[in-house]
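Colleague: I am new to this structure and would like to learn how to read it. Could you take me through it feature by feature?

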Amino acid sequence: IKNKLEICNVEKKFKKNEVLKKLNCTLESGVYAILAPNGVGKTTLMRCIADIYSYHGEIKFNGKNIKKQKVKIGYLPQRFVSGTYCLSDDGIFLQS
């Protein structure tokens, strides 16, 4: 099954700081990496795709707007903190 993720004119601002500016790309089934300097919007893009952040523009999965689909796209950041444990680059740590 071939899946397609389309990012169409996506824009995201934090107050006056425009982080994503009319971003357009199409990704088909496969493995991708986003490599760029700190502060250019990699995490912001991932959070928009996962529908964590609001944004202007459209993100489609297999031709359908992700905001209108019942299926959610998951996002697991490199550093993740939850109530009873913490995942980091070095492993899993239990919090007391």
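Predicted model: local features only at pLDDT ≥ 70, side-chain atom pairs only at ≥ 80, totals over all residues.

Colleague: How many bridges join S1 to S2, and which way do the two run?

Modeller: In general, strands of a sheet pair through backbone hydrogen bonds, either parallel or antiparallel. For two strands to pair, DSSP must find at least two bridges between them. S1 and S2 run antiparallel and are joined by eight bridges. They form a hairpin with two residues between them.

Colleague: How many bridges join S1 to S3?

Modeller: Five, and these strands also run antiparallel. Leu5 stands opposite Phe61 in S3, and Glu11 has His56 of S3 opposite.

Colleague: In what order do the strands of the open sheet lie?

Modeller: The order is S2-S1-S3-S4, four strands with antiparallel pairing. S2 and S4 are the edge strands, since each pairs on one side only.

Colleague: Which residues other than glycine have a positive phi?

Modeller: Most residues other than glycine have a negative phi. Asn9 has a positive phi, near 55°, and Lys15 likewise has a positive phi near 55°. Asn9 is in strand S1, whereas Lys15 belongs to the loop between S1 and strand S2 (17-28), in the turn of the hairpin.

Colleague: Is Lys15 buried or exposed?

Modeller: Buried means under 20% relative accessible area, exposed over 50%, and partly exposed in between, with a 1.4 Å probe and protein chains only. Lys15 is exposed, at a relative accessible area of 82%. Asn9, at 43%, counts as partly exposed. Over the protein chain, 21% of the 96 residues count as buried.

Colleague: Which residues make up the largest nonpolar core?

Modeller: In soluble globular proteins, nonpolar side chains tend to be buried together. A nonpolar core here is a set of buried Ala, Val, Leu, Ile, Met, Phe, Trp, Tyr and Cys residues joined through side-chain atoms within 4.5 Å. The largest such core has 11 residues: Leu5, Ile7, Val10, Val19, Leu20, Leu45, Cys48, Ile49, Tyr55, Ile59 and Ile66. S1, S2 and H1 each supply at least two residues of this core.

Colleague: What is Val19 in contact with, leaving aside its neighbours within four places in sequence?

Modeller: Contact means heavy atoms within 4.5 Å. On that basis, Val19 touches Lys12, Lys13, Phe14, Val40, Gly41 and Thr44, with neighbours within four places in sequence left aside. For the protein chain, take the contacts between residues at least 6 apart in sequence: 40% of them join residues at least 24 apart.

Colleague: How many aromatic pairs are there?

Modeller: Rings of Phe, Tyr and Trp (its six-membered ring) pair if their centres lie within 6.5 Å; planes under 30 degrees apart count as stacked, over 60 as edge-to-face and the rest as tilted. By this rule there is one aromatic pair. Phe14 and Tyr53 form it, edge-to-face, with 5.4 Å centre to centre and 80° between the planes. Phe14 lies in strand S1 (residues 4-14) and Tyr53 in the loop between helix H1 (42-49) and strand S3 (56-61), so the pair ties together parts that are 39 residues apart in sequence. Phe14 is partly exposed at 34% relative accessible area, and Tyr53 is partly exposed at 22%.

Colleague: Which charged end sits over the ring of Tyr53?

Modeller: A charge sits over a ring if NZ of Lys or CZ of Arg is within 6 Å of the ring centre and within 35 degrees of the ring normal. The charged end of Lys12 meets this for Tyr53, 5.3 Å from the ring centre. Lys12 also lies over the face of Phe14, 4.9 Å from that ring centre.

Colleague: Is Asn65 buried or exposed?

Modeller: Asn65, in strand S4 (residues 64-65), counts as buried at 15% relative accessibility.

Colleague: Which side chain does Asn65 join in a polar contact?

Modeller: A polar contact is a pair of N or O atoms within 3.5 Å; within protein, one must be able to donate a hydrogen and the other to accept it, and residues adjacent in sequence count only if both atoms are side-chain atoms. The side chain of Asn65 has such a contact, of 3.3 Å, with that of Glu58. A polar atom of the Asn65 side chain also lies 2.8 Å from the backbone nitrogen of Lys67. Leaving aside neighbours within four places in sequence, Asn65 is in contact with Glu58, Ile59 and Lys60.

Note on methods:
Residues numbered from 1 in each chain as written. Heavy atoms only, no water.
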